[in-house]
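User: I would like to learn how to read a structure, one feature at a time. Please give the general idea, then the case here.

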2 protein chains.
Amino acid sequence: MPSGYRHSRQDVVYEEDQYELTEDGRIPIPYRRTAKYQDGNTIDWLHEEGLERERNHALQSQAGVRGILLPVLESTRMWFIVIMTGIGIGIAGAWLDVLVKWLGDLREGHCTYGFFYNSNACCSGLDAGEVCQAWQSWGDYFKLNSIFGRSLLQASIYVILAIAFAGSAAALVVTYAPHAFHTGIPEIKAILGGYVFDAFLTPWTLLIKAIGLALAVASGLSLGKEGPLVHVACCMAYFLSRLFKEFRHNEAQKRRVLAAAAAAGVSVAFGSPLGGVLFGLEELDTFANESDVMWRGFVASAIAAVSLQWVNPFGTAKLVLFQVTFVSDSWRAFELIPWVILGVIGGVLGSLLIRLNVEIALYRRNSILSKMPVLEVVTVSAVTAAVSYLIVFARVQTSELVANLFLECDPAKGDYHGLCNPTATMENVFLLCLTAILKIVLTAWTFGLMVPAGIFLPTIAIGACLGRAMGLITQSLYRAHPTAWIFLSCPPDPSVRCISPGFYSVIGAAAMLGGVTRMTISLVVILFELTGALSHVLPIMICVMTSKWVGDAMGKDGIYSVWIAMRRYPWLPPVDYRDKGETGANLMIPLSRVISIEEGVTTVRDLRVLLKTHQFHGFPIVDSHGEFVGYATRQELIATLDCLQLNETEEDMNKKCTFSKNRLRIPAEERVDLSDALEDSVIQLRKEVPQELVVNMFQKLNLRQIIFTHAGKLTGLVTKRDVVNLLTSHFPHAAALAQHPPHNRHTL
Amino acid sequence: MPSGYRHSRQDVVYEEDQYELTEDGRIPIPYRRTAKYQDGNTIDWLHEEGLERERNHALQSQAGVRGILLPVLESTRMWFIVIMTGIGIGIAGAWLDVLVKWLGDLREGHCTYGFFYNSNACCSGLDAGEVCQAWQSWGDYFKLNSIFGRSLLQASIYVILAIAFAGSAAALVVTYAPHAFHTGIPEIKAILGGYVFDAFLTPWTLLIKAIGLALAVASGLSLGKEGPLVHVACCMAYFLSRLFKEFRHNEAQKRRVLAAAAAAGVSVAFGSPLGGVLFGLEELDTFANESDVMWRGFVASAIAAVSLQWVNPFGTAKLVLFQVTFVSDSWRAFELIPWVILGVIGGVLGSLLIRLNVEIALYRRNSILSKMPVLEVVTVSAVTAAVSYLIVFARVQTSELVANLFLECDPAKGDYHGLCNPTATMENVFLLCLTAILKIVLTAWTFGLMVPAGIFLPTIAIGACLGRAMGLITQSLYRAHPTAWIFLSCPPDPSVRCISPGFYSVIGAAAMLGGVTRMTISLVVILFELTGALSHVLPIMICVMTSKWVGDAMGKDGIYSVWIAMRRYPWLPPVDYRDKGETGANLMIPLSRVISIEEGVTTVRDLRVLLKTHQFHGFPIVDSHGEFVGYATRQELIATLDCLQLNETEEDMNKKCTFSKNRLRIPAEERVDLSDALEDSVIQLRKEVPQELVVNMFQKLNLRQIIFTHAGKLTGLVTKRDVVNLLTSHFPHAAALAQHPPHNRHTL
């Protein structure tokens with residue numbers, strides 16, 4: 001193993017031919033042998049950490065004040081990106097809300113004194129009870145008098161605009177940024193885990209995703225803005241990180257910034273700064289590795305929420321999106337029965353939604369639909385708009401529906417679409433269940449179309465409908481039998497409120513989200529930051545628990561994991577893997593199938609041929625006795641070969657490649673020293689170790705490969721891809737939607 | 001490497017002489033070679049996981065229904081312990097509250113119609129405005145008429161009972177369970193990280209800690225019940241886990257249960273089920289390893305909170321301990337200035353409190369005080385009681401003080417000790433600051449006495465005093481200059497409320513807690529679960545951020561880490577360690593100082609001598625060429641030697657120890673095969689790897705040792721103790737309070 005270079009400060013010297021210069025040419029910081037990854041690869045965390053380490057030492061060893069200031073400047077840059085991303089996504093989120101509200105309102109009418117006002121802004125400043133004249137529905141605008149004509153016109157404009165919005169969103173995505181479709185969370189999870197997918201984070205994707213998202217949400221398709229906002233935040237952080245060389249050249253550092261950005265995205269999407277951090281922790285599985293990353297996520301999340309509140313798009317100065325107010329602060333034990341039932345329903349329907357979504361996605365991929373994505377979007381949006389227009393709960397924007405379902409009936413505040421009419425309970429229950437079923441089908445179809453689409457809000461809406469229905473049923477039971485023993489804890493007078501159907505909606509939403517995403521703690525935090533229902537945290541927890549248990553019994557994976565598996569991203573789920581007695585030998589690519597470089601035997605020509613023939617990321621190096629010498633990545637080998645400036649002569653081409661300095665008996669003129677290409681951080685195991693330890697090491701140390709040796713001799717290797725394949729092997733449709741052609745086993 | 005045994009199911013057979021039997025003798029599950037750890041050791045996670053793995057395979061390979069039922073039964077047992085611990089700690093926490101309230105009230109008077117009623121219970125059922133006659137102060141009881149005499153009597157009884165409570169708590173602790181003193185969190189952190197400290201978790205400790213805690217809290221000492229409740233919860237889980245063999249024999253499984261119990265403890269202590277999970281996540285650093293552990297913590301936490309609410313000690317049916325109600329839901333930008341100042345103050349004072357506490361602890365250890373712990377407790381409680389009786393804010397129980405400081409002034413609800421008197425602002429500010437300073441000194445002295453003592457509540461009280469003072473100052477500034485530009489966002493009429501001093505208290509508490517514990521996200525969650533201040537989550541986050549930044553600048557470690565370092569527990573802080581260019585070679589114990597076993601050379605006699613002479617946990621095994629063969633723990637070696645049933649004859653004693661089967665040329669009758677003693681999971685590195693990778697592997701994989709090899713030859717090893725020493729080297733008083741004598745370097 002060579003390279004005292006990397007480990008001792010004094011060796012880091014300034015040599016123009018070896019190091020890149022910073023833009024101003026003054027401060028030479030080594031970016032020697034930066035690995036350039038292609039999209040579809042997996043980064044080598046240990047290698048990247050090594051680069052970062054080397055760079056830090058170089059910075060600290062600068063003479064005088066520079067040696068102090070430069071490291072500070074480094075961390076300042078990191079914080080600059082984190083803070084700017086937080087501010088940026090806060091403002092973007094706020095303006096997206098404004099745009100969506102305006103576009104959505106445009107489907108029903110327009111403001112007479114200013115086309116760009118939404119209905120609320122248009123009618124602001126009115127006294128209570130005054131009718132808003134300035135907002136004109138399309139019927140009024142075209143001065144239609146017949147009720148039938150008006151309705152038809154309203155409905156037509158509603159549907160046509162929906163189609164236009166959705167169609168243009170799809171067209172934008174298909175034409176300019178195909179990666180801007182879908183939620184983006186599976187990709188972010190994969191990227192944070194080390195997948196290289198720079199095309200997914202371009203400024204172009206950022207722009208199209210933001211605009212497309214506004215159009216898609218406004219079109220009334222069954223989708224939400226939450227996941228895509230996380231993607232937008234990551235694009236912003238990526239864009240900002242391109243400004244600084246240390247992030248451009250270091251994939252690990254870049255991912256640290258992206259993790260903070262993702263937290264900020266969730267923070268803005270739900271107005272939930274804590275939820276953002278916890279989402280990062282639980283779902284993205286990023287902070288488990290480093291407390292600093294969690295800390296930056298915390299700051300980014302707080303700053304994003306402050307900016308959102310500062311822009312204050314709706315003039316409420318509140319972060320809480322769906323404020324709930326309960327009849328009472330307490331709840332009664334018997335209510336646990338409907339709540340646990342809701343949990344079970346949420347678990348079952350969540351699993352069904354995932355399966356339906358998978359089936360539709362597979363059908364789309366394998367049928368003619370894959371050829372005509374825009375047409376499909378247009379069709380879905382037409383169907384959605386037409387069906388939704390007929391059902392009262394589905395017609396309004398999903399966020400408005402959710403807000404109303406979460407509200408308690410309050411005679412002072414008026415009734416929402418007859419939900420509070422005690423004589424129409426069964427009709428309401430029927431209508432709510434119908435809406436829920438409709439939305440399950442539409443959501444399963446929509447999630448995967450060529451438009452930006454989040455799954456959170458539709459899931460919340462489905463759950464809220466079911467929960468409200470359950471609440472209405474419980475309430476009507478109580479009203480019918482106020483003195484039954486089960487209701488003993490309620491006041492015997494049924495006119496006194498005892499059951500809050502609004503809170504049942506919140507519970508329903510929690511159950512459904514639990515079933516679809518299989519998150520636990522971050523879900524609870526997001527839900528009560530979303531609703532302010534802190535006093536009811538326990539029922540929410542119990543319900544999420546039930547739903548996750550039931551859901552897990554029907555299939556272990558949440559919707560994001562399923563999509564990751566289908567798209568075959570090299571992402572290791574943070575599951576507790578237990579083998580059935582297998583050892584590393586079972587997972588290992590045996591020596592006979594490993595392409596390795598033989599020290600003192602492989603010539604420069606052989607090496608070049610080998611590098612051309614095999615696209616593997618790296619190669620183990622053995623000596624003539626089969627003893628393991630080290631591991632070198634293909635990039636390092638190419639870079640080191642280039643440095644040597646060999647001629648194309650026969651003599652140079654026949655030189656032997658050597659990697660270790662001491663043990664060689666080949667004369668100096670007959671060999672080339674490639675020891676600089678060796679990796680410092682190589683982890684070796686014996687093939688007898690339990691398979692679960694191998695998986696565990698990949699999960700926790702973010703490895704790319706592990707070398708197996710026995711008594712110093714190479715016996716095989718395992719790559720991340722092998723472990724991913726092992727962990728997704730239970731899922732029948734793994735790789736069904738993979739974009740990249742399957743690589744050779746140890747490439748990725 | 002041997003033992004196909006461990007890896008293939010079919011090898012796990014039933015042999016009575018090799019396996020222990022379960023109590024009923026029916027189900028033979030292997031507990032072969034269970035490592036017995038002494039207190040003070042560190043468990044070998046990989047080894048324990050290996051045992052668990054072996055056991056699981058044995059269970060699954062049982063014939064017929066057994067093979068299905070037994071694994072289910074296993075996980076049922078785990079859940080049984082988790083759920084029972086949740087219920088147990090919930091009930092214990094509730095009754096502890098009742099006991100503390102009664103003991104505390106006893107210091108001021110008693111209930112005439114029933115000695116065991118506290119003042120609230122005694123006076124319940126009265127109409128509003130009616131004076132409570134049933135509760136009699138000691139002055140009334142002894143029928144003293146002179147005001148001076150009454151005051152003196154009241155004060156004397158107050159102080160005497162305080163001393164009696166504290167003294168008996170200390171006497172109980174010193175006599176029966178010396179480990180029941182202090183908070184327990186540092187020990188729990190260490191235990192969860194793999195430290196073996198069974199004496200800390202005995203039922204005896206449980207009992208003494210619970211009773212001592214009630215007495216200590218009631219005595220009015222400056223301490224809280226939070227940390228000790230976590231300890232009590234862990235003791236309960238430990239007690240329950242002793243019922244089942246799989247936990248008794250597996251240290252890793254036992255720790256999984258303890259982690260869930262710790263979350264339940266926090267959940268009960270703060271009435272904060274989510275906070276409990278997050279505390280486990282952030283401070284105990286347990287769940288990062290496995291999502292299942294987090295999930296169990298979530299369930300335990302929820303169940304504990306439900307039981308607490310069900311027992312409902314104070315009849316409020318609320319989990320929120322210090323309900324806050326704010327003047328308005330929104331806050332103004334200028335308020336960030338006092339809040340950030342509070343954050344800075346919190347960071348500075350928090351660090352000072354830590355330092356003061358360390359100095360006092362060191363003084364106690366090295367002075368005569370260590371000989372007379374009960375006397376010290378009595379002195380401190382006398383001083384505390386005497387001084388507290390003089391200052392109005394310090395006289396009441398700390399939790400009552402905090403509750404009142406968090407309240408807004410509301411003329412309808414009456415004034416609390418003149419806090420709401422606008423003419424006495426400066427007096428109040430002075431008194432609050434005095435109380436804060438007093439409490440800092442008392443807390444620094446109390447935290448470390450021989451009584452159960454938590455640091456959370458006193459810290460909250462200190463912060464709340466400071467915050468309230470800051471709130472009062474801001475409010476008086478606003479009242480004096482209502483039209484100043486900085487207050488523009490407030491209504492110009494100073495009689496309208498604009499500033500909520502109660503919320504400043506919450507902020508102050510957050511800042512102080514941030515400074516003392518250096519927690520971030522779990523702190524925020526606990527605080528708003530504690531207060532219900534969800535709408536103000538952002539200011540709390542910002543303040544915790546500031547406080548942590550400032551605190552970290554004055555010293556990286558929170559109070560728990562400092563105590564862990566002082567007591568020299570082998571706990572690896574989850575810090576982001578960056579080396580300065582060192583490699584593994586720097587950390588490694590070189591070959592020359594490693595005691596190893598030489599295969600084919602070391603005789604049975606040599607081995608016995610070696611095992612007697614060196615108390616190391618394990619020994620690497622090399623062959624005669626210095627090649628690394630494997631690693632065996634001392635326990636495994638002893639067990640395997642015992643299995644061989646060698647005679648004490650010269651012939652047997654001179655047999656050579658061999659470990660690998662293939663490479664040996666020694667005749668069978670001249671050697672003994674010890675290959676069963678080898679560990680499966682041995683991790684090898686080269687000494688050239690960066691030191692940060694070595695540290696990282698220890699942190700994330702919970703290792704006990706890493707072997708360094710080069711080209712198959714042993715070059716050295718690193719143990720957890722070496723890494724702990726490295727990470728605590730910056731702390732000047734590391735190991736100052738260590739209980740166990742310093743071990744040899746690679747023992748622990």
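This is a predicted model: local features need pLDDT of at least 70, side-chain atom pairs count only at pLDDT 80 or more; totals for chains, interfaces and linings use all residues.

User: How many helices and strands does chain A have?

Analyst: Helices (H or I, at least four residues) and strands (E, at least two) are DSSP runs, numbered from the N terminus. Chain A has 28 helices and 11 strands.

User: What share of the residues in chain A is buried?

Analyst: Buried means under 20% relative accessible area, exposed over 50%, and partly exposed in between (1.4 Å probe, protein chains only). Of the 748 residues in chain A, 62% are buried.

User: How many salt bridges are there over all chains?

Analyst: Side chains of opposite charge can pair when their charged atoms come close. The rule for a salt bridge is a side-chain nitrogen of Lys or Arg within 4 Å of a carboxyl oxygen of Asp or Glu. By this rule there are 21 salt bridges over all chains.

User: Where in chain A do D105(A) and K101(A) lie?

Analyst: Both lie in helix 2 (residues 64-106) of chain A, 4 residues apart, about one turn of the helix. D105(A) and K101(A) form a salt bridge, with their closest N and O atoms 3.1 Å apart. D105(A) is buried at a relative accessible area of 11%, and K101(A) is buried at 18%.

User: Which residue forms a salt bridge with E187(A)?

Analyst: The partner is R567(A), and the closest N and O atoms are 3.6 Å apart. This pair links distant parts of the chain, 380 residues apart: E187(A) is in helix 6 (residues 185-192) of chain A and R567(A) in helix 22 (residues 559-567) of chain A. E187(A) counts as buried at 3% relative accessibility, as does R567(A) at 9%.

User: Which residues are linked in a network of salt bridges?

Analyst: The network links D198(A), E251(A), K254(A) and R255(A). Within it, the side chains of E251(A) and K254(A) meet at 3.2 Å, N to O.

User: Which residues of helix 14 of chain B are buried?

Analyst: They are P373(B), E376(B), V377(B), V380(B), S381(B), T384(B), A385(B) and S388(B). Seen down the axis of helix 14 of chain B, its buried residues fall within an arc of 160 degrees (taken from the directions from the helix axis to the C-beta atoms), so they line one face of the helix.

User: How many residues does each chain give to the contact?

Analyst: Contact means heavy atoms within 4.5 Å. Chain A gives 80 residues and chain B gives 81 residues. The count between chain A and chain B is 2 salt bridges; one of them joins R53(A) and E692(B) at 3.8 Å, N to O.

Terms used. Residues are numbered from 1 along each chain as its sequence is written. Chains are lettered from A and ligands numbered from 1 in the order in which they are written. Side-chain values use heavy atoms; hydrogens and water are left out.
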